[in-house]
Amino acid sequence: MRTKGDGGKAERTGGSSTARGTVMYLGPSVHGIIQSGTSYKNGLPPKAAALAALHPVFLELFVPVDGLARARKELAEPGSRLRGVYEEAVKILERWESAHV
């Protein structure tokens, strides 16, 4: 498991808590910013925090590692809240990519 050090504080993680513990990003990879499956300890790196500030939906995809199994299960379930969040993040990235090609 990859772990990044303290790169700043996120206001929310996984929908409700702060990024003070270790969290893992379960969203789509964003080239040069964040990779799916990467864990962060004591905050998010500046580029990931900036992305989340611009598009808060990405914050929902940082989940505390103690809830990782539950979050992965929810992510795999069509129609679940977390799956909807993931799909919205994909749409945001698709719109960004189509505007910058």
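Guide: Start with a pair of bridged residues in this predicted model: Tyr25 has Phe62 in β4 as its bridge partner.

Visitor: How many bridges join β2 to β4, and do the strands run parallel or antiparallel?

Guide: There are 3 bridges between β2 and β4, and the two strands run antiparallel. β2 is also joined by 3 bridges to β3, residues 39-41, again in an antiparallel arrangement. On that side, Thr22 is paired with Lys41 of β3.

Visitor: Which residues have the most contacts inside the largest nonpolar core?

Guide: The general idea is that nonpolar side chains tend to be buried together in soluble globular proteins. Here the largest nonpolar core has 25 residues, and Tyr25, Phe58 and Phe62 have the most contacts inside it. At least two residues each come from β2 (22-25), α1 (46-54), β4 (62-64), α2 (68-76) and α3 (81-99). The most is given by α3, with 5 residues.

Visitor: What does Phe58 touch, leaving out residues up to four places away in sequence?

Guide: Phe58 touches Tyr25, Val30, Leu51, Ala52, Ala89, Ile92 and Leu93.

Visitor: Now the largest pocket: how much space lies in it, and which element supplies the largest share of its lining?

Guide: The largest pocket holds about 260 Å³ of space. α1 supplies the largest share of the lining, 4 residues, and both α1 and α3 supply at least two. Lining residues include Val30, Leu51 and Leu93, as well as His31, Lys47, Trp96 and Glu97. By type, the lining divides into 7 nonpolar, 3 polar and 2 charged residues.

Methods:
Residues numbered from 1 in each chain as written. Predicted model: local features only at pLDDT ≥ 70, side-chain atom pairs only at ≥ 80, totals over all residues. Heavy atoms only, no water. Core = buried A, V, L, I, M, F, W, Y, C linked by side-chain atoms within 4.5 Å. Buried < 20%, exposed > 50% of the residue type's maximum accessible area, 1.4 Å probe, protein only. Contact = heavy atoms within 4.5 Å. 1 Å grid on protein atoms, 1.4 Å probe; cavity = no way out; pocket = protein on both sides within 12 Å on 5 of 7 lines; lining within 4 Å. Points joined across faces, edges and corners; volume = space filled by probe spheres on them. Nonpolar A, V, L, I, M, F, W, Y, C, P; charged D, E, K, R; others polar. Pairing = 2+ DSSP bridges.
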